[in-house]
Amino acid sequence: MLPTPYIKCDYDKVYEPSEDSFLVLDSLEKDISFLNERFQNQLAIVGEIGPGSGIVTTFMMKNGVPSKSTSLYFALDISPWALEATKETAKLNECSEKDSYLEVIQSDLTTSLRKKQVDILVFNPPYVPAEDVPEVPSTREETDQWLDLALLGGKDGMVITQKVIDQLDYILSPKGVAYILFCARNKPEELVAKVMETQPWNVELVEHRKAGWEVLSVYRFSRSNESII
Amino acid sequence: MKFLTTNFLKCSVSACDISNDNFPLQYDGSKCKLVQNEDIEFRPEFLLNILDRIEWSAILQVAADLGNTSLPPNKPKLNINVDELTEEEQIILRDLHTLLLQTSIVEGEMKCKNCGHVYYIKNSIPNLLLPPHLA
């Protein structure tokens, strides 16, 4: 089992790694041979949306997912606190600037990235159903609101996730894959069936687990037309 | 933010996506503070790989914005096998390493050539968020 990064953050400001975060780590670990085969000896541009504490990106850098020496990691978050926490967590786990290529970018999802560049997209979204998606706070100091942004996903908890799924073709490189986490209330089976029917994506369940009263799952999206590779 | 990252950032305004001017962003040389970090290790394998993905014309533009006009006009074509690099190719890779990975913009600003929106880099972190009326 690959080691989990050591995390020491102020959880009044960033999301505390929880069952969902660990399920993402386990999914990536489970898929290591799939990823290695897909990106062997080639560069992989990794993009994590909403890294929060930085646990997932640090896990990938530290354990060389998919490969330490040829990967470039972008951590994109809307919250300034999350970006600072991600940098700190990487440092705390000895992923130094010297030998890992991490860039943190303050960005609303991937709207700041040039198209079709991300090889591995990882997204643990704000998936909790809520009346509305919270507004972006106007100052850094509104820490509660920044935290709400990390949690609340509007109707069915799917408003933000759906935006990313709709943009996948723009975001992912020709051989790119995306790992996205869902909770049962997001109705992922319905979504997956609809996506597979109407869009050129192959969607596979990588891991699922009951976590308290929640059932969480991580799905892998890849282009169904693999002949372009 | 590493120089390399300028090759991946575009304007966040979605209406600019149909324009060819939303990438690369235009860096204001007089306001960008550059820092060299010589501790960053030289990894020829990474450079050879990333070279493949790089949009060379954008590298030239950003380098010129920041006052460096000494780059070759065309993307260097290098032997893909790390062990078979000639001495000359090694030198090219070293230069690229210095530019792309060791050079960082720690403070600065850049704007979209299409809509003119200005973005800032503070503490090495680029901020590509839009104000509510543009988001």
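Select helix α1 of chain A, residues 19–30, in this predicted model.

Next, highlight the buried residues of α1(A): A:D20, A:S21, A:L23, A:V24, A:L25, A:S27 and A:L28. An α-helix has 3.6 residues a turn, so residues three or four places apart point the same way. What covers the buried residues of α1(A)? Select α3 (55–62), β4, β5, β6 (201–211) and β7 of chain A, which are included in that cover.

From this cover, select strand β5 of chain A, residues 172–183. Of its 12 residues, 9 are buried, so β5(A) is largely enclosed by the rest of the structure.

Strand β4(A), residues 118–123, pairs with β5(A) in the parallel sense over 5 bridges; here A:V118 has A:L172 as its bridge partner. Strand β7(A), residues 214–223, pairs with β5(A) in the antiparallel sense over 7 bridges, and A:L181 stands opposite A:V218 of β7(A).

Finally, display both chains and select their contact, to which chain B contributes 25 residues and chain A 21 residues. On the side of chain B that touches chain A, α1 (44–53) and β5 (125–127) of chain B each supply at least two residues. The most comes from α1(B), with 5 residues. Colour this side of chain B by residue class: 12 residues are nonpolar, 6 polar and 7 charged.

Definitions and conventions:
Residues numbered from 1 in each chain as written. Chains lettered and ligands numbered in written order. Predicted model: local features only at pLDDT ≥ 70, side-chain atom pairs only at ≥ 80, totals over all residues. Contact = placed C-beta atoms within 7 Å. Helix = DSSP H or I, 4+ residues; strand = E, 2+ residues; numbered from the N terminus. Nonpolar A, V, L, I, M, F, W, Y, C, P; charged D, E, K, R; others polar. Buried ≥ 20, exposed ≤ 12 C-beta atoms within 10 Å, placed from the backbone. Pairing = 2+ DSSP bridges. Expected span 1.5 Å × (residues − 1).
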